[in-house]
Amino acid sequence: MDQPVELLAPDVVERRPPAGRREGPVPYGILGPLAVTGPAGEITITAGRDRVVLAMLLLHAGRTVTPADLVDAVWGDDAPVTARGQVQTCVSRLRRLLPSATSTLITDPAGYRMSVSDQDLDAAVFARLVGEARALAGTAPEAAGKRLREALDLWRGPALSGVESAVVRRRAAVLDEEYAVAMEDWIDLELAAGRGRDLVAELTGLVERYPLRERLRAQLMLALYRTGRQSDALAEYRRARDLLDEELGIEPGAPMQDLHRRILTGDVAPAPSARTGTSTVRTLPRTVGDFTGREGTVGKLLLAAADATVLAIDGMAGSGKTTLALRVAGLLADAYPDAQLFLDMQGHSEQQPLDPGVALLTLLRQLGVEPERIPADLEGRTGLWRTELARRRALVILDNAASSSQVAALLPASTGNLCLVTSRRRLTGLDGVHSESLPVLNEAEALALLEKIAGAKVVAEPEAAREVVRRCGRLPLAIRLAGARLAHRPRWGVADLVRRLGESALPELAAEDRTVASAFALSYGQLSVRAQSVFRLLGLHPAGRFGAPAVAALTGLALEDARDLLDDLVDVHLLEEPEPERYRLHDLVRQYAATLAEALPVSERHAALAGLVDLHLYVGTRLAHQWEGGLAHEDFPTESPARPELVAHAAADSGWQEENRGSLMPLIRLAAAIEQPRRAWQLARVNWRFLYLHGYFADVISTCAVGLEIAEASGDRRGVAVMHNYLASGYLQSGRVEEALTSVNAMLDHQVRTGSVAGEGRALGNRSGVLHYLGRLAEASVDIKRAHRLMSGIGHLSAPVGMRIDIALNLLALGRYAEALRHSRIALQRIVETRGHKLSGALLAVGQARLNLGHLPQAERLARTALAAARRLGIRTDESESFNLLGAVALAQDRPAVAVEHHLAALQVGREHGRLPRVAQYSNDLARALRVVGDVTGAIELHRQALDIARRSKYLHEEGKALSGLATCLAADDPATARRYWTQALDIFTRMGVPEKDEVARQLAAVDGRDD
């Protein structure tokens, strides 16, 4: 493998202060030993862990680094249980040490982020200078060389030398390699400028030190040859070949072999100062002056050009393929001094695609070949074309190709040439080609392009500018057209453009005869009739992503036929496939497809959408059956699905519901729009269990609220009751407990009126959970016991098991731990026997009872088993409960630091899903652990947060715990306030009848005794 590059720069050229660099040292340096400089001089970071954390943050400057990544960088596989806490300590120390004027160390829910200006980090300055150099290389090589020299002079040795971390060293090695490549780029420019004689000695030393870097060896061979030392150049090749064979068992790469061949034959271009001959044949069109972004793609194409003779660029209409090809051609122009040709193949235009024979005639004439020498047949023209290219170093752009067959005869055969082919279609029929599929711009690139076109007003209205590029789908053509409208209307602000674009921007994206819609229309017009039909119907799909089964349902096609036609659409970039068999339409393409769909007859549109609704309804039904084990199936659709084979295929995909979660709400509304209101609310019902167990409570509320609205509008009383029932669950978990009680009572009233015993039992069970949160434990006990009797009495299989767990949880709150253990163990046994899905919930109930009875080893084992089961089943609610139970067990085992970690994990999951009552509980439990480890300030803050949430969500038990916890934290310094909080807590606990009242009464008595 390649050798280190730390001594590369000093051996090549004498150090000198680079022009244009900021005065004084860069505040943060990672191009060498880790260095931090403040206003008063160098800041020394002595602690090894702090240095690793800072190195990681600077290596990822501007991006969030997770605590797990930092722990891995500091400790690897030997991280202690307190590792996250120690990382937090490192971050706190760094905040005190680092110069605040040049950086900000930000904490966010996902981790830590170092916000550093590009001018204040040497690696960012290096990247900018190298990027500028490569942009200038084709047109201003002298300026490019100066930029590279400035970049190389920033280095002080190997990146982050002295920071001993395997993770940091791997990242630093990438920087070292970038340095080496930049150095080789600089040497190339020196050689191209005819200064190879001055580099022979330095290159000889470098090759000895880094013998496996083939590019350095080739540079030395070229320098030797151009100084008249042909035999020495050939000897270098032999040494390289022998070394590569001995060390790696490989031959030199194609570029070195090609150079060796040309040195043997004397076919090496002389240095520029000695070069003679005719001027370059150049037919490239004018390129845009505001080329923006695409650095990564440009870099890959430039690297690929060293080995490949054909580079293919494909992408959707308007993605900037031609502009990119011209950009790459400009950067490589000096390497192809004899000819730089361009030909529009008319593959996607209003004209017929160019015939290969006609294309060859045009290209040969561009080279200056006399008409009488050009054969009439395709084979003869192909041979002459390749013969002419073999005598030249030529670059050819074949733009807008229709297919692989159209350009196959035009591709050069000799390695001294380069051909760039652009197409809206993936040219999979070409062999030995380096292909790049062009995505849309990222947001930063899109904003930069808009600014270059429209000027300073874009900077003045950043939010509006982001909205413009969003509505343009970050498509370069769309941004250019939108920016042109803005630039030519001086009185317009960016917000005015946003208003004009509206939510459907496609009609506004036009300038003279250029429109985004016409670009899409050309691609659409070349599709087969069946592919056009599929594309039109995709305009009806309500979601941004979909799979082949959904398309088959929408179009009425067999699944395999749908897949084939989707592949056709992907190949012509009217459709994207970001993951295997997961498809999406670009926003603007989707708008274009929707305009085509609007022209379809209403009956055809409704039939297509009915097929899509049917698929989603019955996949949800099948999956709900698996989860609910016979519970409430009277709420499910009873007729057979229209396409059972599609339902079976989709339901076998474990990620179906997650993948299609974003489609659920629009599908519910579509079902109502096509006059299927019952199916609308049933879509919400059958997907409820998935949403609930995965913690998507906002989705539970939104889907069931819309389902309720549709059921009420259609007069469907059963639908109204069912939606109230499941809406209550979302309200409860989101802290809207009184709304939950209203909804569950509406469900109960309906079930009693209609005489449904099973429905009444379910409603009572659900109401008991709401009453539990409200602190009305006695009423909750009555409801859950009656619910259990009702469901058991009608022989229901699964409901009584879950209700027995709820009975156990109510008993736990009342302090009746032995009874709770008995009920939860019975539930666990039956779940194991029937392989029910409530396994993690039953394990948690048993574990909580064991904890309260003092059976700590058993409680810990049960909590860990519950965590594994919850993760296997994807039940995020039980995952957070498992973490919290582990924390409570650890605290009881006198391991408070471990308890803090577990409670933190529970709190993170609870916050992530907006589970407000549980957030209050986890905050109180975490505060208890923090108080034990000595962080009283943190404990007080968390108890206050828990108190606020508990009061807002009417969670009475946690309100009492928060008051009691605050009193305990404040008792030593503020006994009067502590007495007030304990008095309030005692009132709550006494009204609820929970055991905490005894401990609070004791604390109050102790405070009163001290006062006496």
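## Charge and overall form

The protein carries 120 positive and 126 negative side chains, and the centres of these two sets are 4 Å apart. In this count Lys and Arg are positive and Asp and Glu negative, while His and the chain ends are not counted; each charge is placed at NZ of Lys, CZ of Arg, CG of Asp or CD of Glu. The model is a predicted one, in which local features need pLDDT of at least 70 and side-chain atom pairs count only at pLDDT 80 or more, whereas totals for chains, interfaces and linings use all residues. Residues are numbered from 1 along each chain as its sequence is written, and side-chain values use heavy atoms, with hydrogens and water left out.

Along the principal axes, the C-alpha atoms fill a box of roughly 105 × 75 × 65 Å. The protein contains 48 helices and 17 strands, which are DSSP runs numbered from the N terminus (helices: H or I, at least four residues; strands: E, at least two).

## Surface and burial

Of the 1012 residues, 54% count as buried; buried means under 20% relative accessible area, exposed over 50%, and partly exposed in between (1.4 Å probe, protein chains only).

Among contacts with a separation of 6 or more, 67% come from residues 24 or more positions apart. A contact means heavy atoms within 4.5 Å.

## Nonpolar cores

The largest nonpolar core has 212 residues, and those with the most contacts inside it are Val468, Phe520, Phe535, Leu538, Leu575 and Leu615. Helix H27 (residues 602–628) gives the most to this core, contributing eleven residues. A second, separate core of 82 residues includes Val52, Cys90, Tyr225 and Val268. Such a core is a set of buried Ala, Val, Leu, Ile, Met, Phe, Trp, Tyr and Cys residues joined through side-chain atoms within 4.5 Å.

Leaving aside neighbours within four places in sequence, Leu575 is in contact with Leu538, Phe546, Leu566, Leu569, Val570, Tyr583, Arg584 and Leu585.

## Thr555 and the cysteines

Thr555 belongs to helix H24 (residues 548–555). This residue counts as buried because its relative accessibility is 19%. Residues up to four places away in sequence not being counted, Thr555 touches Val534 and Leu537.

The structure holds zero disulfides, a disulfide being a pair of cysteine sulfur atoms within 2.5 Å. Cys419 counts as buried, at 0% relative accessibility, and Cys704 is buried with a relative accessible area of 0%.

## Two glutamates in loops

Glu251 is placed in the loop between helix H10 (230–247) and helix H11 (254–265). With a relative accessible area of 48%, Glu251 is partly exposed. Apart from neighbours within four places in sequence, Glu251 is in contact with Arg241, Leu244 and Gln257. Glu251 and Arg294 are 43 residues apart in sequence, and their C-alpha atoms are 33 Å apart in space.

Glu639 is placed in the loop between H27 and helix H28 (644–651), and is partly exposed, with a relative accessible area of 40%. Its contacts, leaving aside neighbours within four places in sequence, are with Tyr618 and Arg679. From Glu639 to Tyr618 the separation is 21 residues in sequence and 9.7 Å in space, C-alpha to C-alpha.
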